[in-house]
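Work through the exercises below with the model open. Each task is followed by its solution.

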Amino acid sequence: MSLDKLKLSKPLIAAMTDAGFLTPKEIQTRTMSRILGGQDVIAVGPEGSGKTTTYVLATLMKLKYAFEEAPRALILVPDIEHVDHVLEQFKLLNRNSTFRILGIDSRGTIETQMNEITDGCDIIVAVPDRARALYLKLALNTNKIQLFIVDNAELMVKKGLQLPVVELANSAYKSQHVVFTEVLHEKLNHMISPFMKDSAATIEVDEIGEKQAEVYQQMLYQVPNFRTKLNLLTLLLNDAEVFDKVVVFVNTRLTAQTVYKNFNQHKEGEIGIYRSLFFDDKGYDDIVDFKNNPDARVLIVANENLGELNIEGIPFIFHFELPEQKETLIQRIVKHDQEDVVAITFSTDIELIEVKKIEQAIGQKLEVMELPENLKVVDAADKPKKKKGTEDDESSERGAAFHEKKASNLKNYNYSAGAKAKMTYKNKKGLS
């Protein structure tokens with residue numbers, strides 16, 4: 001497809017060609033006309049799908065001319081690294097330095113940045129907290145903002161930057177709002193709903209790369225919070241007949257102890273921690289001892305300073321938390337032989353970013369499982385403790401789904417949660 005399909009100006013087409021962009025990305029072809037037409041847009045796409053280039057081109061196209069008193073485009077990014085990346089993209093495509101573009105982050109003093117804004121700029125690329133500070137000092141005038149862009153919105157939520165994003169967006173109430181993100185979830189929707197128009201278009205590009213390697217069977221449980229993860233793990237592992245040998249990976253040794261303590265009642269030696277943080281916790285210093293012990297069923301392992309660990313021969317791998325480096329998880333799920341293994345991942349909304357990166361790396365989707373009907377879904381907000389002697393409310397009932405599933409994530413089979421894995425292993429072991 002030709003770049004002409006984006007309906008950009010000839011100088012921008014020439015700048016893209018010189019920069020090596022010969023064909024448009026899917027996210028560009030699907031969003032550009034809407035952004036240029038003035039519609040609020042929520043664009044969802046994986047890393048490398050062309051989101052940054054899309055809004056850089058749209059900004060340069062919409063502003064048309066430079067040198068006004070106040071900035072007309074405000075682009076919020078989550079950190080210093082993203083500020084530098086976006087400025088490089090503008091430098092690449094802003095031929096002849098037509099527009100004055102200013103980067104705002106913690107590397108400069110407030111006073112210096114106030115003076116830079118006062119001297120005049122057309123486009124500001126900023127981290128939200130510093131931009132908010134400048135706005136409160138009356139240095140950042142948002143009255144003439146035409147285009148308000150939030151990039152990597154999922155990272156804004158993860159970093160807890162919702163307040164400055166919403167305040168700045170509401171201050172630029174006359175502007176068009178465009179949000180780019182890798183994933184959509186309830187917390188992100190809660191951040192953007194105060195300023196996105198009802199007519200906003202949500203456009204999703206789901207590019208999965210070519211399959212890189214064969215992996216074990218993958219299952220994904222999406223849960224609202226840590227405490228619900230604990231309830232789900234306990235509920236699934238109650239089936240000792242099926243889950244007879246399990247490794248549960250967490251990120252820290254302290255979390256390993258928390259997970260261990262959550263199993264209130266279990267047989268002696270049934271559940272242990274690998275190289276536990278405290279001496280009085282039951283556990284193992286060598287995974288071979290766990291494998292050889294017929295009474296040992298669940299081993300909780302922390303990714304923290306772990307190194308290599310031979311989990312060959314263990315039929316169930318749980319990732320209770322997503323590791324910081326996707327490669328840590330991927331090396332455990334790549335199939336090395338004909339061994340039957342099920343890899344089960346738990347993910348909160350915040351961790352869905354890591355899930356997307358893993359799916360991109362392995363070239364396939366993780367199969368989303370429905371939560372068990374008898375799972376206690378814990379409310380995110382803490383409820384006041386009841387006095388002793390009062391009757392408990394209906395908190396044990398399962399809560400409403402915490403976000404709407406995409407059509408591609410809806411299950412297309414009639415098995416209950418976890419039944420698919422259980423049937424496989426019961427048949428294998430003659431336990432049907």
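**Exercise 1: a charge over a ring**

The charged end of K229 lies over the F320 ring, 5.5 Å from the ring centre. The model is predicted, so local features need pLDDT of at least 70 and side-chain atom pairs count only at pLDDT 80 or more, while totals for chains, interfaces and linings use all residues. Residues are numbered from 1 along each chain as its sequence is written, and side-chain values use heavy atoms, with hydrogens and water left out.

Task: find which ring the charged end of R332 sits over.

Solution. Apply the rule: NZ of Lys or CZ of Arg must be within 6 Å of the ring centre and within 35 degrees of the ring normal. The charged end of R332 sits over the ring of F249, 3.6 Å from its centre.

**Exercise 2: ring pairs**

Task: classify the pair F226 and F320 as stacked, tilted or edge-to-face.

Solution.
1. Rings of Phe, Tyr and Trp (its six-membered ring) pair if their centres lie within 6.5 Å; planes under 30 degrees apart are stacked, over 60 edge-to-face, the rest tilted. This rule gives 9 aromatic pairs.
2. F226 and F320 have centres 5.4 Å apart and planes at 90°, an edge-to-face pair.
3. Y221, F226, F243, F316, F318, F320 and F346 form one aromatic cluster.

**Exercise 3: burial**

Task: state whether F226 and F320 are buried, partly exposed or exposed.

Solution. Buried means under 20% relative accessible area, exposed over 50%, partly exposed in between (1.4 Å probe, protein chains only). F226, at 31%, is partly exposed; F320, at 0%, is buried.
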